[in-house]
Amino acid sequence: MDQNIQVLIADDRSRSRRGLRALLTAWPMVEEVYEATNGQEAVRLVKEYHPDVVLMDARMPVLDGLEATRLIKSQWPEVKVVVLTIDAGRRADAMAAGANNFLVKGCSTGELLSALYV
């Protein structure tokens with residue numbers, strides 16, 4: 001993909017969102033970054049902004065990230081969802097929910113950035 005992308009970060013931890021935002025906004029291919037604090041807000045923002053990629057935490061309040069992934073992929077299958085979580089054991093659940101990719105928090109910057117395009 002040689003075009004600029006819009007990314008939605010869905011994570012209930014503000015520190016995680018800030019770190020990801022800092023990384024993504026420093027990368028020239030990222031045109032816009034949106035933030036959601038829970039799965040319900042993530043679904044609403046996907047409907048409103050149609051980002052290219054959602055970086056989705058698996059465990060969040062109000063609506064779990066995996067359930068939000070199911071909802072997003074059922075309504076907007078073209079939106080790529082990358083589940084980014086601390087719990088490596090959630091890979092099978094994330095993929096079953098429709099995630100395009102799965103990463104464990106703390107992965108390398110290269111892994112994260114390449115997941116946006118794979």
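Me: Is arginine 70 buried, partly exposed or exposed?

Reply: Relative accessible area decides the class: buried means under 20%, exposed over 50%, and partly exposed in between (1.4 Å probe, protein chains only). Arginine 70, with a relative accessible area of 37%, is partly exposed. The model is predicted, so local features need pLDDT of at least 70, side-chain atom pairs count only at pLDDT 80 or more, and totals for chains, interfaces and linings use all residues. Residues are numbered from 1 along each chain as its sequence is written, and side-chain values use heavy atoms, with hydrogens and water left out.

Me: With which residue does arginine 70 form a salt bridge?

Reply: A salt bridge is a side-chain nitrogen of Lys or Arg within 4 Å of a carboxyl oxygen of Asp or Glu. Here the partner is glutamate 67, and the closest N and O atoms are 3.1 Å apart. Helices (H or I, at least four residues) and strands (E, at least two) are DSSP runs, numbered from the N terminus. Because glutamate 67 and arginine 70 are three residues apart in helix H3, about one helical turn separates them. Glutamate 67 is partly exposed at 33% relative accessibility.

Me: Where do glutamate 48 and arginine 44 lie?

Reply: Both belong to helix H2 (residues 39-49), four residues apart, about one turn of the helix. Glutamate 48 is partly exposed at 47% relative accessibility, and arginine 44 is partly exposed at 46%.

Me: How many salt bridges does the rule give?

Reply: The count comes to nine salt bridges.
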